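Colleague: I'd like to learn how to read a model like this one. Could we go through it feature by feature?

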Amino acid sequence: MPSRFTIPVPADFVFRRDVCSYGYFLLAPNLWVPERLTLIRPLELTSGIASFAFSQPRGRGKPIRVVADRAVSKRDRDEAEPLIRRMFSLDDPDVRDFHKVDPRWKRSGRARLFRSPTFFEDLIKTVTSCNVTWPSTVGMNRRLCEVINPAFPSAGQLARKRPAMLRARCGVGYRDARIVQLAKLHRSGELDPAWLADPANSDESVFKALLALPGIGPYGAGNLMQLLGRYSRLAVDTETIRHGKATLGMTGNERQITKALHAHYDPFGRHKFRSFWFEVWQFYESKQGPAWTWEPKTTGKAFTAALLKD
DNA sequence: GGTAGACCTGGACGC
DNA sequence: GCGTCCAGGTCTACC
């Protein structure tokens with residue numbers, strides 16, 4: 001029998017805006033249903049996988065309604081809640097500070113960025129987004145869920161896989177060995193998400209630790225920083241360069257534009273990434289309409305600038 | 001420290 | 001339907 005419960009949210013939380021705020025809401029096992037303004041996704045709990053439908057029927061600041069596809073015990077709920085809070089960045093302490101530093105986003109209320117229930121899922125999603133166009137990232141994540149675990153493969157599961165199997169069945173290409181290595185590092189405790197998230201550790205030391213991971217370069221490390229709630233760095237990829245040229249009017253070669261981008265966003269201090277990202281997101285939405293209207297199978301596969309340019 | 005080339009896949013394009 | 005080309009970060013070898 002399905003279970004229902006609610007999760008209280010901060011007064012400024014708007015479900016559709018804050019879920020549809022970063023591309024990962026379009027990646028499996030997340031399923032955004034625009035006509036119902038609902039996010040469906042399975043979560044792996046000790047008692048087994050349960051699929052949850054999340055929505056906010058009464059709007060801003062009202063609790064998130066959660067409907068599970070099976071009976072969910074108090075213990076299951078206690079286990080699921082921190083995962084859900086992470087996905088929706090419900091515990092972000094710096095929303096007000098961000099709006100103080102960059103008032104452009106105060107009216108729309110944009111500040112929170114969607115992420116995965118675990119850092120490990122964000123890590124693998126980041127690796128699958130490197131050196132590919134968006135439709136390939138969509139495909140890799142779909143197949144990882146279809147082939148290994150519908151609630152997204154755990155580090156333990158991926159650590160036991162043969163790279164060749166991941167390549168052949170999940171289409172991850174040359175990322176195969178790197179994914180297994182990352183899973184092994186996570187399983188052994190060498191890669192410790194709690195340490196990375198701990199505010200007592202400096203952004204500098206965390207960034208350095210991320211850069212040392214296999215398959216993670218400057219872009220990946222910058223992206224993982226924001227997925228850890230550390231917004232003090234940019235994640236420069238081709239989309240960022242495009243933004244520098246097309247929207248900010250920067251000129252020169254890639255290196256010069258990268259340098260100019262860092263200087264441009266420097267005044268936003270520890271909110272740099274958000275200030276940059278919401279400009280990019282606004283561009284996508286100016287082309288395709290509000291992100292919460294995007295159909296995952298059509299618009300959701302074609303929203304990046306590279307695919308929009310024509 | 002900087003740079004060239006390899007890595008792999010999906011999609012666009014031309015025939 | 002097939003072949004070719006291109007886009008996309010990271011890593012290694014080399015200067």
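Predicted model: local features only at pLDDT ≥ 70, side-chain atom pairs only at ≥ 80, totals over all residues.

Colleague: Are Cys-130 and Cys-170 buried or exposed?

Modeller: Buried means under 20% relative accessible area, exposed over 50%, and partly exposed in between (1.4 Å probe, protein chains only). Cys-170 is buried with a relative accessible area of 0%, and Cys-130 is buried with 19%. Over chain A, 53% of the 310 residues count as buried.

Colleague: What does the radius of gyration say about chain A?

Modeller: The radius is taken over C-alpha atoms, and the globule rule is 2.2 Å times the number of residues to the power 0.38. For 310 residues a compact globule would have a radius near 19 Å, and chain A agrees, with 19 Å. Its C-alpha trace spans about 60 × 50 × 45 Å along the principal axes.

Colleague: How is chain A divided into domains?

Modeller: Domain bounds come from an automatic or database domain assignment. Here that gives domain 1 (4–96) and domain 2 (119–227), with C-alpha centres 22 Å apart. Contact means heavy atoms within 4.5 Å; by that rule 13 residues of domain 1 are in contact with 20 residues of domain 2.

Colleague: Which residues touch the most other members of the largest nonpolar core?

Modeller: Start with the general idea: in soluble globular proteins, nonpolar side chains tend to be buried together. A nonpolar core is a set of buried Ala, Val, Leu, Ile, Met, Phe, Trp, Tyr and Cys residues joined through side-chain atoms within 4.5 Å. The largest one here has 92 residues, and Phe-25, Phe-52, Ile-64, Phe-88, Leu-166, Leu-210 and Trp-277 touch the most other members. Helix H14 (residues 272–288) gives the most to this core, with 7 residues. The core also draws at least three residues from each of domain 1 and domain 2. As for Trp-277, leaving out residues up to four places away in sequence, it touches Ser-21, Tyr-22, Leu-113 and Tyr-284.

Colleague: How many helices and strands does chain A have?

Modeller: Helices (H or I, at least four residues) and strands (E, at least two) are DSSP runs, numbered from the N terminus. Chain A comes to 15 helices and 5 strands. Helix H11 (residues 218–227) is mostly covered, with 9 of its 10 residues buried. Its cover includes H2, helix H4 (119–127), helix H10 (203–211) and H14. Just after H11, Gly-229 takes a positive phi of about 80°.

Colleague: Which residues make up the covered face of strand S1?

Modeller: In a regular strand the side chains alternate between the two faces of the sheet. In S1 (residues 4–7), Phe-5 and Ile-7 form the covered face, while Arg-4 and Thr-6 form the uncovered one. Two strands pair if DSSP finds at least two bridges between them. S1 pairs with strand S5 (residues 64–68) in the antiparallel sense over 4 bridges, and Val-66 in S5 is the bridge partner of Phe-5.

Colleague: Where should I look for backbone exceptions?

Modeller: Most residues other than glycine have a negative phi, and most peptide bonds are trans. The bond from Ala-28 to Pro-29 is cis, with omega near 5°, and Pro-29 is in the loop between helix H1 (15–19) and strand S2 (31–33). Leu-37 is not a glycine, yet has a positive phi of about 45°; Leu-37 is partly exposed, with a relative accessible area of 31%. Phe-152 also has a positive phi, near 90°, but counts as buried at 4% relative accessibility. Phe-152 lies in the loop between helix H5 (134–147) and helix H6 (155–159).

How values were computed: Residues numbered from 1 in each chain as written. Chains lettered and ligands numbered in written order. Heavy atoms only, no water.
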